[in-house]
Amino acid sequence: MSLKEGAALDKLITNNPLAAKDFADRCAVEYADVSLRDILVRVRDYVHKGHKLLTHPLSGSIKPGETPYKSILVSAAPGQGLDLPSLRIIEDSIVTCDKFPIKYPHIPEHVLADFQEVDRTLIAGALYKHSSSK
Amino acid sequence: MKLEVGYIDITDIQFSDKASLQDGVLYVDRDAITAMILEDERIRAVELDIAKPGESVRITPVKDVIEPRVKVEGPGEIFPGVLSKVQTVGSGRTHVLRGAAVVTTGKIVGFQEGIIDMTGLGAEYTPFSKTFNLVANFTPVDGLTAHDYENALRLAGLKMAKALGELGREVEPNEVKTYEHLPVMQGAEKYPELPRVGYVQMLQSQGLMHDTYVYGVDMKQSLTTMISPTEVLDGAIISGNCVSACDKNTTYHHLNNPVIHDLFEAHGKTLNFAAMIITNENVYLADKERSSDWTAKLVEYLDLDGVIISQEGFGNPDTDLIMNCKKIEAVGTRTVIITDEYAGRDGTSQSLADADASADAVVTGGNANQVVVLPKLDKVIGTLDYVDKIAGGFENNLQEDGSIVVELQAITGATNELGFNRLSAR
């Protein structure tokens, strides 16, 4: 993650409004109010275009189907061709996601806020640690 | 490094006006413990309770379980770098209140983790149904952030365990065991005919309620490194993680790591327990690559013949696990991995989120998706408000007769990936 002026920022693909707000100055945020699975699919689309996966799509221990939120970092620019390790990880993550049914169709607001906070900290741990290196 | 561990068997726990440990009975001064906890201004209130094996008691949501220990001789104190100054532990003598535990609960977030049932079917799946538990339920001051609450609760649990452990300082233990970890060259010279076996412990390190601390250092900030297994027995590694309770290592698990214990048992007989390596499980893929590279480098550097790798948690750590396994196999060292499975409720789905042909020796802690029905119990310590929002709970899973339907992942320690659990295919 580079903060150098003029340097392209890595992309944060997220459906978490808290992460979208908090990391707006550190990433190129692409926020969409979609399902967790749809975020994984959007990330796969980027991987198909040649972007590299930077954070693990199954970050954290709250399962797909439990938390509705997911934030994933991908590289700013497409590389030379398809990054196969990235593709394998995102494909395996989608397979894993599909194993978990949606457990809580009705989540109270304060619990949603907690899920957002945990998802935010998972990315924060990655971002702040890497503020000066690739 | 040589550590004598004196085990004092605890046969009962009671509240009393005066704290003491007599004839195996642990007497807890409730007021003194309460006052100690409330010294932390972040905690508004604490309720202390006792839960004994066989009682009709459910504890939830569990945050950590900690075994009371005290350093009797030798440098440092228990939980170095956290409760005491940073000083290398793992030598001298330590007393353990075997059979006692501190259990912490509290509502850090609105979805919650961890059930310990002291009786019934649930008790079969958690090791902490067999311990005499001092349970603390914490309420924070208004407006405290989740991070500060987690930190306050974690420290309070450790302080309680230390205070109870102190009662065993002068008590003659029921059993004394000696654990000795030799310097690399000495070990090789002493056991030239035995295979050199190492232990790679992966530590969860990702964020709020997903962290582990080593001598107080947040493990996500560390490179892969080495530690003496005797240091772990003195509390060098503590748990700050409780999400997905079935396969998270509580501090109790670290203190009683069965991989370490079994390797020590076999040491000098069938193998030479040559080294212990600790590595992290970060969110960043570059970290995963770097840490697993480093693990393989250390294994090669130490010239190990075989390695046991234990995982912690679900999902992305599967990737760390496979990277570690693959890279260590690639330097010519055979591996056995310990994991658990999310194989669906019928057990037929792919168990891990990653795989490789080199992972050909696998020990599993069980299928965390397995569904169990836990009976209604007479007393709840903590709250059932969150039972349908714990990992493994379902919406409306609290049934009319008071029983609850959960996956094993809701039960503290049920599919532990150190093998500290009761599930078996035998």
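Tutor: Met209(B) sits in the loop between β14 and β15 (210-214) of chain B. Its phi is positive, about 65°, although Met209(B) is not a glycine. Most residues other than glycine have a negative phi, and most peptide bonds are trans. The bond from Thr60(B) to Pro61(B) is cis, with omega near -5°. Pro61(B) lies in the loop between β6 (57-60) and β7 (62-66) of chain B.

This is a predicted model: local features need pLDDT of at least 70, side-chain atom pairs count only at pLDDT 80 or more, and totals for chains, interfaces and linings use all residues. Residues are numbered from 1 along each chain as its sequence is written, chains are lettered from A and ligands numbered from 1 in the order in which they are written, and side-chain values use heavy atoms, with hydrogens and water left out.

Now the sheet. Helices (H or I, at least four residues) and strands (E, at least two) are DSSP runs, numbered from the N terminus. Six strands of chain B form an open sheet in the order β17-β19-β14-β20-β21-β22, with mixed pairing; a pair needs at least two DSSP bridges. The edges are β17 (225-226) and β22 (362-367) of chain B. Each has a single partner strand, so one side of each is left without a neighbour in the sheet.

Strands β20 (residues 306-310) and β21 (residues 334-341) of chain B run parallel, joined by five bridges. Ile309(B) stands opposite Ile337(B) in β21(B). Helix α9 (residues 316-330) of chain B lies across β14 (196-204), β19 (272-281), β20 and β21 of chain B. The helix runs at about 170° to β21(B); axes are lines fitted to C-alpha atoms, for helices over the stretch in contact, with angles from 0 to 180 degrees between N-to-C directions.

Next, the partner chain. The contact (heavy atoms within 4.5 Å) takes 46 residues from chain B and 41 residues from chain A. About 3500 Å² is buried between them, 60% of it on carbon and sulfur atoms; this is accessible area (1.4 Å probe) lost on being put together, summed over both parts. The count between the chains is one salt bridge, a side-chain nitrogen of Lys or Arg within 4 Å of a carboxyl oxygen of Asp or Glu. The side chains of Asp354(B) and Arg88(A) meet in a salt bridge at 2.7 Å, N to O. On the side of chain B that touches chain A, α8 (285-301), α9 and β25 (393-398) of chain B each supply at least two residues. The largest share, five residues, comes from α8(B).

Key
Buried area = accessible area lost by both parts, 1.4 Å probe.
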